[in-house]
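Here is a short report on ring pairs, helices, chain symmetry and salt bridges. Look over the structure first, then read on.

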Number of protein chains: 2
Amino acid sequence: MALDSNATKPHDRLAQALADEMAAVNALIRDRMASEHAPRIPEVTAHLVEAGGKRLRPMLTLAAARLLGGAGDRAVKLAATVEFIHTATLLHDDVVDESTRRRGRPTANLLWDNKSSVLVGDYLFARSFQLMTECNSLAVMAVLANASAVIAEGEVLQLTAAQNLGTTEAVYLQVIRGKTAALFAAACEVGAMVAGGSAAQVAAMRAYGDALGIAFQMADDLLDYGGTSAIGKNIGDDFRERKLTLPVIRAVAAADATERAFWERVIEKGDQREGDLDEALRLMRRHGTLEATRAEANAWAETARAALAEMPKHPVQAMLADLAAYVVARLT
Amino acid sequence: MALDSNATKPHDRLAQALADEMAAVNALIRDRMASEHAPRIPEVTAHLVEAGGKRLRPMLTLAAARLLGGAGDRAVKLAATVEFIHTATLLHDDVVDESTRRRGRPTANLLWDNKSSVLVGDYLFARSFQLMTECNSLAVMAVLANASAVIAEGEVLQLTAAQNLGTTEAVYLQVIRGKTAALFAAACEVGAMVAGGSAAQVAAMRAYGDALGIAFQMADDLLDYGGTSAIGKNIGDDFRERKLTLPVIRAVAAADATERAFWERVIEKGDQREGDLDEALRLMRRHGTLEATRAEANAWAETARAALAEMPKHPVQAMLADLAAYVVARLT
C-alpha cells in the first residue's frame, strides 16, 4: 500500500484496487448504451454517464466479488447492469423532481426534453435486463428484479408522502430503502453470489449494502440542512420541495401548537416566505433533530461495518469498512 | 362450435376458447399490481387495467401455448408478464404523447400526474421482470428483455423521426416494429417456447406475431386518416401530432414542389390551418397512398397467416388466422 493510502478517500482507494475491472465496466457501459437505430439514446446516456459520478454501485459489486475470490467477466457484467439501473432511475428521477442540474451539468430533461429522459431511461432499464440474462443465473436476476420493484415503489411512496406531515419514520425508512439502499444492497448481494459466497456471506454483503445505503441517504438528507455544497446540493432544496426527511419528521413530532402551524404552512400548504428556512433550522436545532439524525446515520454505518465481520480479512474488506465510516464522516 | 361462431370477432372467439386461462391471467394481474406500501400504484394501474382493452397480447401467449399442447401455470405467468410490459409502455406513452384519453377514459397522467405515470410504469416494468423470473427460463427472459429494449428504442426513434420529412419507409417499419410488433412477436414466441415447441414452431409463432403486429399498426395508422372512430381515435390525430406514418411518407415521396412546400409547412414547421387536414387527404388520395398502405397491411396479414402453416391444425390456429385477416378487414 502506498504511504498516502490513509489520506485518500475510501472510494478512491476502492477505485484503485479495482481499476482493471472498473475499466472493463466502463467499456461495457459505453458499448451497451449504443443504439444502431436511435442516436438520441447514446447522446442522452453519454451526457449523464460521462459526467462521472462516483460509480459507487458497480464498485460495490466488484468489491463484494473480489472479497470472495473474484468472479471475472460475470462480476463486470453485473456491475454494468447495476450502473444501468442506477442511470435509468436518475433520468426518471430528474423528470419527476423537475431537476435542472445533476453531477454539475444541466439535466437531460432540460437539455433534451422529458420525453427523451423517460424513453431513454426505459431503454437503459431494458438493457440492464439483457445484460443480466447473460450472467445465466435466475437467482441473481430475481435479486435485481426485486430491487428494481422496491426502487420504483419507494419513489412512488416518496411522491405520495411529500407534503404530508403525517409521514412516519417507518415510511421515511421505506422511502430511503427504495431510493438508495435497495440498489446498494442488491449490488453487494449479486457480487457475493457470482463469486460463490456462502449463504451467510451473501446475506452479510446484502446487510452491509442495505445499512450503507441507509446511512448514506440519511447523511445526504442531513447535509441538505447542514451546510456544505460539496455534493452539489443547495442547502434547503428538500425544504423548498417540501420533502419529509428525518430531521423534519422529528421536528414535527416534537412540535408545539405554534410550531405545528409553521410546519403546516410551509410544508403542507407550501406557503414559504423569506426567513422560513432559518426558522425551520432553528426549530430543528431546538429539538435536537439534526443531532439525532446524525446519531441514526452513525448507527447505520456501524451496522454496515459490523456486517463485514462475516467476510474474509482482505484489503478490500478494510476499504468497505472505511467507506461506511466515511459516508457519515462527511457530517462532522 | 356454436352456430354463430363465424359471426363473432376472432379475438372474442379466442377469448372464449381461452376463458379459463384468461381468468387466471386477470387474477394474477390484480394480485401482482398490488403494493403493500404505496397505494398510489394499484390505483393508477387499476384505472388502466380495469378499463379493459382487448388483452390481445396475453391472449397471443396463451394461444401459442395452447396450439402446442398448453403450458399451464407458466403460460399464465408469461401472459401476465406481457400485459404488465404493455401497461407500463402505455403509461409512459401517454406521458410522452401528452395524451388525455385512453380506452375511453381520461389518462393517468391527466387524472394523477406525469410523475405517477412514470414511476408506476417503472414499477410495472420491474414487476414484469419479477414474474418472468418465476418461469425459470433464461431463454424466455432473454426474448422478453430484448423485446423491451426494442420497444424503448422504437419509441425514441419515433420521437426523433416526428416532424422529419426525411423519415424513410425503413425507419417507419423500425418504429412500428418497436411500438407494436416487438411485443406481439415476443408474446407469441414465449408462449410457443414454454409449451415445448420445436425451433421451427417457435420461429413460426414469432414470425406470425411480428407480421400481425405490423399489419395491426399499419391499419391503425391508416384508420387515423380513414374514417372510423371505433378504435377511440379522432381522425387526423397523427396529422396534428406531425407523425410520419406510411400514408404521409409515401405522399411526401411523390410530392411535386407545391405539395412539398405544403408538407414542410404543416409537418416540419407545424403551421397548420383550417382545411389542411382535407388538403393532406386530397394529396394522399391523389397519389394513392391510402390504397398503397392498405395493400401493404394486407400483405403483412397474409405473411402472418402463412407463418401459421408451420403450426398444428387446431381450432385456435384457425382463430389466429382469422385474427390476421380481421385486423386488416377493419379497413374495408
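## Aromatic pairs

Over all chains, the count comes to eight aromatic pairs. Rings of Phe, Tyr and Trp (its six-membered ring) pair if their centres lie within 6.5 Å; planes under 30 degrees apart are stacked, over 60 edge-to-face, and the rest tilted. The centres of the A:Phe125 and B:Phe125 rings are 5.1 Å apart and their planes stand at 55°, so this pair is tilted. It crosses between chains, from helix α7 (residues 114-133) of chain A to helix α7 (residues 114-133) of chain B. Helices are DSSP runs (H or I, at least four residues), numbered from the N terminus.

A:Phe125 is buried, at 8% relative accessible area. B:Phe125 is buried too, also at 8%. Buried means under 20% relative accessible area, exposed over 50%, and partly exposed in between (1.4 Å probe, protein chains only). B:Phe125 also pairs with B:Phe129: centres 5.3 Å apart, planes at 80°, so edge-to-face. These two residues sit four apart in helix α7 of chain B, about one helical turn. A:Phe125, A:Phe129, B:Phe125 and B:Phe129 form one aromatic cluster.

## Basis of the model

This is a predicted model: local features need pLDDT of at least 70, side-chain atom pairs count only at pLDDT 80 or more, and totals for chains, interfaces and linings use all residues. Residues are numbered from 1 along each chain as its sequence is written, chains are lettered from A and ligands numbered from 1 in the order in which they are written, and side-chain values use heavy atoms, without hydrogens and water.

Of the 20 residues of α7(A), 18 are buried. The end C-alpha atoms of α7(A) are 29 Å apart, which agrees with the 28 Å its residues should span. The expected span is 1.5 Å times one less than the number of residues.

Helix α16 (residues 315-329) of chain B has 15 residues. It reaches 20 Å from its first C-alpha to its last, close to the expected 21 Å. Its buried residues include B:Val316, B:Met319, B:Leu323 and B:Val327. The buried residues of α16(B) pack against α1 (10-17), α4 (56-67), α10 (199-223) and α15 (289-307) of chain B.

## Chain symmetry

Chain B superposes on chain A by a rotation of 180° with 0.0 Å of shift along the axis (RMSD 0.0 Å). That is the relation of a two-fold axis. The same surface serves both copies: 100% of the contact residues of chain B recur in chain A. Contact means heavy atoms within 4.5 Å. The superposition is by least squares on C-alpha atoms of residues with pLDDT of at least 70 in both copies.

## Salt bridges

The whole structure holds 42 salt bridges over all chains. Each is a side-chain nitrogen of Lys or Arg within 4 Å of a carboxyl oxygen of Asp or Glu. A:Arg55 bridges to A:Glu83, with the closest N and O atoms 3.8 Å apart. A:Arg55 lies in the loop between α3 (40-49) and α4 (56-67) of chain A and A:Glu83 in helix α5 (residues 72-96), so the pair ties together parts 28 residues apart in sequence. Both A:Arg55 and A:Glu83 are buried.

In chain B, B:Lys77 and B:Glu134 meet at 3.0 Å, N to O. B:Lys77 is in helix α5 and B:Glu134 in the loop between α7 and α8 (138-161), 57 residues apart. B:Lys77 counts as buried at 16% relative accessibility, while B:Glu134 is partly exposed at 32%. In chain A, a network of salt bridges links A:Asp31, A:Arg32, A:Asp73, A:Lys77 and A:Glu134.
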